[in-house]
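Look at the sequence and the structure below before reading on.

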Amino acid sequence: PAPRPPRHLARAVQEENYLGVLFFSILMGVALGYAPADGRRSALNILETFFDALLRIINWIIFLLPLGLSCIIAGEVGRGGLAFVPVLAKLIVVCVATTVAAMAIFAFTIWLVVKRPIREVLSSLRAPITVAFATASSMASIPAAMIALKRELGLAEENVKLLLPLGVMINPMGSALFFSLSAIFAVQLHSRAPTIYEADTLLMIVVGSVLAGVAAMGLPATGALNMLALILGPLGVPPEVGIIALLAVTPIVDPLFTIVNVLGNCAATTVL
């Protein structure tokens, strides 16, 4: 059955319905703009104080993340075992290498703009990277990323508050990269599919991956795999060719693509 739209904001946040949260935020911003000046100032002060309190709570939670992360990894290994790793080792290695390269490029971009020592830049990004890896949620990583950009790297607060959440919602770099690699994997599995070295095939994969990444915002990783049909359909490849195999890989690589999402938008915010 088709998913029902969220009935309130808390549920939209819980389900990572980014478009719903974005639409509500725009309406709330416009509505506050029409409020009386004194009331508007009081409302913004309350929201600012509440937001700062949430950031402090997240900072406390970050200290417990190593223990939680160890438990998550142990649970995944206990349920699935390691038997599937040799079968999909090539895809896993490619995903890890690609995401690490993307992270390095984004970190280097931030370093070029802020002109701080590279060790200081990497230390500042440690908290958002840890949250992104532990939760596999770009939304959950926004507060830690905002702290890193504002307080540790010295970016303007008003720019960070506007650009970073907006970028995470509508600019899913990691998701587009994941769909690209997944589509190439599925095309190679299908013996009758066109070769990926053809220019039109690569163009369709790139464009389809961007569209699928935006369309999949707010869906869990396993549900987002259904968006592969947007890419594989025009190529004549049945989506089920790669989805079953990718279901085994997604729990392993999804945190890495979430880090790419967060760092990519941190870099974009820094440049802008």
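The model is predicted. On its surface, Phe108, Trp111, Leu112, Val113, Ile118, Leu122 and Val271 make a nonpolar patch of about 610 Å². Two elements give two or more residues to this patch, namely helix H5 (89-114) and helix H6 (118-124). Helix H5 gives the most, with 4 residues. Ile118 is found in helix H6. The relative accessible area of Ile118 is 41%, so Ile118 is partly exposed.

Next come the charged side chains. Side chains of opposite charge can pair when their charged atoms come close. The structure holds 5 salt bridges. One of them links Arg41 to Asp38, with the closest N and O atoms 3.4 Å apart. Both residues lie in helix H3 (residues 37-62), where Arg41 and Asp38 are 3 residues apart, about one turn of the helix. Arg41 is partly exposed at 49% relative accessible area, whereas Asp38, at 58%, counts as exposed.

Glu157 takes part in a salt bridge with Lys161, at 2.8 Å from N to O. Helix H9 (residues 157-170) holds both Lys161 and Glu157, 4 residues apart, about one turn of the helix. Salt bridges that share partners join Glu48, Lys150, Glu157 and Lys161 into one network. Within it, Lys150 forms a salt bridge with Glu157, and their closest N and O atoms are 3.9 Å apart. Glu157 is partly exposed at 35%, and Lys161 is partly exposed at 28%.

Methods
Residues are numbered from 1 along each chain as its sequence is written. This is a predicted model: local features need pLDDT of at least 70, side-chain atom pairs count only at pLDDT 80 or more; totals for chains, interfaces and linings use all residues. Side-chain values use heavy atoms; hydrogens and water are left out. Patches are made of residues with over 30% relative accessible area and no salt bridge: like charges are joined within 9 Å, nonpolar side chains (Val, Leu, Ile, Met, Phe, Trp, Tyr) within 5 Å. Accessible areas come from the Shrake-Rupley method with a 1.4 Å probe; for residues, only the protein chains shown count as cover. A salt bridge is a side-chain nitrogen of Lys or Arg within 4 Å of a carboxyl oxygen of Asp or Glu. Buried means under 20% relative accessible area, exposed over 50%, partly exposed in between (1.4 Å probe, protein chains only).
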